[in-house]
Amino acid sequence: MALNLSIPQLDKNSGTKDYVISVLSYDWPLTIKKLFNIIKKKYGYKATYQAVYKTVHDLLRDEVLTRTDEGYQLNLYWLKQIHDYTETVSYTHLTLPTKRI
């Protein structure tokens with residue numbers, strides 16, 4: 001599994017993936033139908049159900065999401081990898097002198 005560090009930002013250039021990850025960051029587990037309704041009603045994003053369905057399955061394949069009996073949620077292992085990576089980069093950049101290659 002490759003570490004994907006795209007950080008979702010909800011603005012006019014946001015895609016369905018940004019909305020799926022953002023919603024599942026604070027509300028989980030959710031079915032695709034519930035996820036679609038939140039994205040559409042709360043954010044007014046004009047995604048189709050098919051787009052949300054495809055995005056969820058792409059994120060499942062990339063191991064960003066996991067599926068439970070109740071619905072979909074962010075993969076805790078993916079979150080831990082992002083946390084560990086950013087901690088390492090922060091530590092390196094804040095404590096070590098600048099390195100030039």
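Visitor: Where is D11 placed, and what makes D11 partly exposed?

Guide: D11 sits in the segment before helix 1 (16–26); helices are DSSP runs of H or I with at least four residues, numbered from the N terminus. D11 has 39% relative accessibility, so it counts as partly exposed, the class between buried (under 20%) and exposed (over 50%), using a 1.4 Å probe and protein chains only. This is a predicted model, where local features need pLDDT of at least 70, side-chain atom pairs count only at pLDDT 80 or more, and totals for chains, interfaces and linings use all residues. Residues are numbered from 1 along each chain as its sequence is written, and side-chain values use heavy atoms, without hydrogens and water.

Visitor: Why is Y19 called buried?

Guide: Its relative accessibility is 7%, so Y19 counts as buried. Y43, at 29%, is partly exposed.

Visitor: How do you know that Y19 and Y45 form a stacked pair?

Guide: Rings of Phe, Tyr and Trp (its six-membered ring) pair if their centres lie within 6.5 Å; planes under 30 degrees apart count as stacked, over 60 as edge-to-face and the rest as tilted. The rings of Y19 and Y45 are 4.3 Å apart centre to centre, with 20° between the planes, and the pair is stacked. Y19 lies in helix 1 and Y45 in the loop between helix 2 and helix 3, so this pair ties together parts 26 residues apart in sequence.

Visitor: Which residues do ring pairs link into a cluster?

Guide: Ring pairs join Y19, Y43 and Y45 into a cluster.

Notes
Helices (H or I, at least four residues) and strands (E, at least two) are DSSP runs, numbered from the N terminus.
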